[in-house]
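Let's take a walk through a structure together, one stop at a time. Have the sequence and the 3D view ready.

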Amino acid sequence: MYTQAMDIPGGPKAVAAATPEEAARNSAFDARIAADLKIEPRDVMPEAYRKTLVRQISQHAHSEVVGMLPEGNWITRAPSLKRKAILLAKVQDEGGHGLYLYAAAETLGTSRDQMVDALLAGRAKYSSIFNYPTLTWADMGAIGWLVDGAAIMNQIPLCRCSYGPYARAMIRICKEESFHQRQGFDIMLSLCKGTAAQKEMAQDALNRWWWPVVQMFGPPDKDSVHSGQSAAWGIKRISNDDLRQKFIDATVPQAELLGITIPDPGLKWNEERGHYDYGAIDWDEFWRVVNGDGPCNRERLATRIEAHAEGAWVREAATAYAEKAAARELAGKRAA
Ligand SMILES: [Fe+2]
Ligand SMILES: [Fe+2]
């Protein structure tokens, strides 16, 4: 999902307490987790919990910000004023999600500059889904319907995450994601009710986005290296495979309503399980994209690097203004 690199080898692992004091602190933390109480920035927490959260929340923030690029590509080409205004609002929401999440991660002691540097240097991950191109207007429909739809599946349980600032950011974000999903479905519905060429465009977008979206939930549970620890800490509440299944089960009837076909010949209702069975997922493709070799990885990173460089004067001006305002306030206090 937006934090799918959490499931990838190389992340922080829980370590045993080094001293009796640390063990006592950890047991206070464990008691809060066991009681399902929120952990707040000033509460004691094991270093591995802090690192895991910084990694997860910053990856999530990067995904929101990089996720503006594929859709930003279509703002100038939206087919009507109404669609343009909706898409503009949606892309701005994603930028806002990035900002809430950077702010939530900063409460754990890592600065936004450090997180952004890690992204631009290629050390931090973001969701694999944003490394695919947006070739037609129907891709705006498919992204809202499927990508934001998948994001909601993943993010609703995060509203109950044990870390307070992250959980609270997710509550607000989820409200906006549901509007994103509906605007995407509405685009698909208009295209599917339109001309044969429009319906064909919707089908083509579904064909290209389906498998990358199914991969968004991250590797199968048996290969997901950090999930166990994250579940014990109350960060991850539902497993990758369970979320994927929930998403597929919810999406199949929506595709039927649209009258377009999910490109998976293995998709079939399983009466016994009470779920849809689905075909084999190409995990080689997933790993290739996560590790930097997707269709748009280089382009996305280059765009972010350029945007960051072009924004340097804004950051400098804001810093200079803040320094002047602080100096004025200090001078005012001295005079009083
Ligand atoms: Fe978002
Ligand atoms: Fe969204």
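The term left-handed is used if the near helix is turned anticlockwise from the far one by less than a right angle, and right-handed if clockwise. Helices here are DSSP runs (H or I, at least four residues), and strands are runs of E with at least two residues, numbered from the N terminus.

Before going further, a word on what you are looking at. This is a predicted model, in which local features need pLDDT of at least 70 and side-chain atom pairs count only at pLDDT 80 or more, while totals for chains, interfaces and linings use all residues. Residues are numbered from 1 along each chain as its sequence is written, chains are lettered from A and ligands numbered from 1 in the order in which they are written, and side-chain values use heavy atoms, with hydrogens and water left out.

Back to our helices. The axes of α4 and α7 are 10 Å apart, and the two helices pack at an angle of about 160 degrees. That angle makes α4 roughly antiparallel to α7. Where the two meet, the contact residues divide into 11 nonpolar, four polar and eight charged. In this sorting, Ala, Val, Leu, Ile, Met, Phe, Trp, Tyr, Cys and Pro count as nonpolar, Asp, Glu, Lys and Arg as charged, and the others, Gly among them, as polar. Axes are lines fitted to C-alpha atoms, for helices over the stretch in contact, and angles run from 0 to 180 degrees between N-to-C directions. As for the words, under 35 degrees counts as roughly parallel, over 145 as roughly antiparallel, 65 to 115 as roughly perpendicular and the rest as oblique.

Helix α4 has another partner. The axes of α2 and α4 come within 8 Å and cross at roughly 160 degrees. This makes α2 roughly antiparallel to α4, and α2 passes α4 in a left-handed crossing.

Now for the metals. Which residues coordinate the iron ion (ligand 1)? They are Glu64 (OE), Glu94 (OE), His97 (ND1) and Glu177 (OE), at 2.0 to 2.2 Å. Donors are N, O and S atoms within 2.8 Å of the metal (3.2 Å for Na, K and Ca), and water is not among the atoms, so sites may look incomplete. Along the chain, the donors of the iron ion (ligand 1) follow the spacing E-x29-E-x2-H-x79-E. Two of them link distant parts of the chain: glutamate 64 sits in helix α2 (residues 47-66) and histidine 97 in helix α4, 33 residues apart. Both glutamate 64 and histidine 97 are buried; buried means under 20% relative accessible area, exposed over 50%, and partly exposed in between (1.4 Å probe, protein chains only).

The angles among the four donor atoms of the iron ion (ligand 1) run from 87 to 144 degrees, and its site is irregular. Four donors count as tetrahedral if all angles lie between 85 and 135 degrees; four count as square planar and six as octahedral if opposite donors are over 155 degrees apart and all others between 65 and 115; anything else is irregular.

The iron ion (ligand 2) is coordinated by Glu94 (OE), Asp148 (OD), Glu177 (OE) and His180 (ND1), at 2.0 to 2.2 Å. Its site is irregular too, with angles of 89 to 161 degrees among its four donor atoms. The spacing of its donors along the chain is E-x53-D-x28-E-x2-H. Here glutamate 94 in helix α4 (residues 81-106) and histidine 180 in helix α7 (residues 164-192) link parts of the chain 86 residues apart, and both are buried. How far apart are the two iron ions? They lie 3.4 Å apart, and glutamate 94 bridges them.

Aspartate 93 is buried, with a relative accessible area of 18%. Its C-alpha atom is separated by 8.5 Å from that of isoleucine 173, 80 residues apart along the chain.

Our last stop is aspartate 36, in the loop between α1 (20-34) and α2. Is aspartate 36 buried or exposed? It is exposed, with a relative accessible area of 51%. Its phi is near 60 degrees, a positive value in a residue other than glycine.
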